[in-house]
Amino acid sequence: LDTVTVDTALFMSATIGGRYLKDLENNLGSLSFFGQYFYNGEGYPHSDMLKPAVFLLQNADTNGLAITDAAEQPESYEAPPELRTTDLSNWGRHYIAANAGWSNIGNSDFSVSILFLANLSDMSGIISPAIQFPFLDTMNISVSGRLTFGNFGDEYTNPAALINAESENHGGTFSISVSASLS
């Protein structure tokens, strides 16, 4: 795998989205729906190169354009650009996101929501449901989950498996987090 810098190309990116908000009658709360499509012109059409790119990030000396022996370097030699972690984010070209929420349920501080984010180039994604509710008079508790899906090497599956090939889980992941805040 080689790295190059493109200085004079035009990369198009675009996004379109929408939202719908509705206050329900009889103090039932508020509904919200958000959706977005994002075209990333700097992305790749598939994720086949993501795993080798992560390897190159960790092993810069394996760059096919690098000449490590100074005696073999021609006079005009310039080292190839190093790959950065930011080069690996938003790997695909087509993304969608959606969020649905119901807040102030029954005129309370109780709310539920679900977030969906997907890379359509490799069909990987994240689903994240959340519940927030009051606890005592001065605290809010939030419980959320994060479920990833896709194949090994896809953008949103287990990123630890890309970094450590000996990882036991090469597919999706699931985690739960609990947080508390004072209000």
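Predicted model: local features only at pLDDT ≥ 70, side-chain atom pairs only at ≥ 80, totals over all residues.
In strand β6, N140 is the bridge partner of P134, and P134 itself has its place in strand β5. Residues are numbered from 1 along each chain as its sequence is written, and side-chain values use heavy atoms, with hydrogens and water left out. The protein has two helices and seven strands, where helices (H or I, at least four residues) and strands (E, at least two) are DSSP runs, numbered from the N terminus.

**Overall layout**

- From the N terminus on, the elements follow one another as β-β-α-β-β-β-β-α-β. The radius of gyration of the protein is 22 Å, well over the 16 Å that the globule rule gives for 183 residues, so the protein is more spread out than a compact globule; this radius is taken over C-alpha atoms, and the globule rule is 2.2 Å times the number of residues to the power 0.38.
- Taken along the principal axes, the box filled by the C-alpha atoms of the protein is roughly 80 × 35 × 30 Å.
- Of the 183 residues, 24% count as buried, a term that means under 20% relative accessible area, with exposed being over 50% and partly exposed in between (1.4 Å probe, protein chains only).

**The sheet**

- Seven strands form an open sheet in the order β1-β2-β3-β4-β5-β6-β7, with antiparallel pairing; two strands pair if DSSP finds at least two bridges between them.
- The edges of the sheet are taken by β1 (13-23) and β7 (174-182), each of which has a single partner strand, so one side of each is left without a neighbour in the sheet.
- Neighbouring strands of this sheet are turned by 10° against each other on average, direction ignored, where axes are lines fitted to C-alpha atoms, for helices over the stretch in contact, and angles run from 0 to 180 degrees between N-to-C directions.

**Strand pairs**

- β2 (30-40) pairs with strand β3 (residues 94-103) in the antiparallel sense over 10 bridges, and in β3 the bridge partner of F38 is Y95.
- Eight bridges hold the antiparallel pairing of β3 and β4, in which G101 stands opposite S113 in β4.
- Strand β5 (residues 124-135) and strand β6 (residues 139-149) are paired in the antiparallel sense over nine bridges.
- β6 and β7 run antiparallel and are joined by nine bridges, with I141 standing opposite A180 in β7.

**The largest pocket**

- The volume of the largest pocket is about 790 Å³; grid points are joined across faces, edges and corners, and a volume is the space filled by probe spheres set on the points.
- The lining of this pocket has 26 residues, and V4, E42, Y44, L83 and D87 are the closest to its centre.
- On a 1 Å grid over the protein atoms alone, a pocket is an open set of points with protein on both sides within 12 Å along at least five of seven lines, whereas a cavity is a set of points where a 1.4 Å probe fits but cannot get out; lining residues have an atom within 4 Å of a point.
- The lining residues divide into 12 nonpolar, eight polar and six charged, where Ala, Val, Leu, Ile, Met, Phe, Trp, Tyr, Cys and Pro count as nonpolar, Asp, Glu, Lys and Arg as charged, and the others, Gly among them, as polar.

**Positive phi values in loops**

- N27 is found in the loop between β1 and β2, and its phi is near 55°, a positive value in a residue other than glycine. With a relative accessible area of 49%, N27 is partly exposed.
- M123, in the loop between β4 (111-119) and β5, has a phi near 60°, which is likewise positive in a residue other than glycine. M123 is exposed, at a relative accessible area of 54%.

**Two prolines**

- P134 counts as partly exposed at 37% relative accessibility, and P134 and S183 lie 49 residues apart in sequence and 9.1 Å apart in space, C-alpha to C-alpha.
- P80 is found in the loop between α1 (50-58) and β3, where P80 counts as buried at 16% relative accessibility. P80 and G64 are 16 residues apart in sequence, and C-alpha to C-alpha they are 9.0 Å apart in space.
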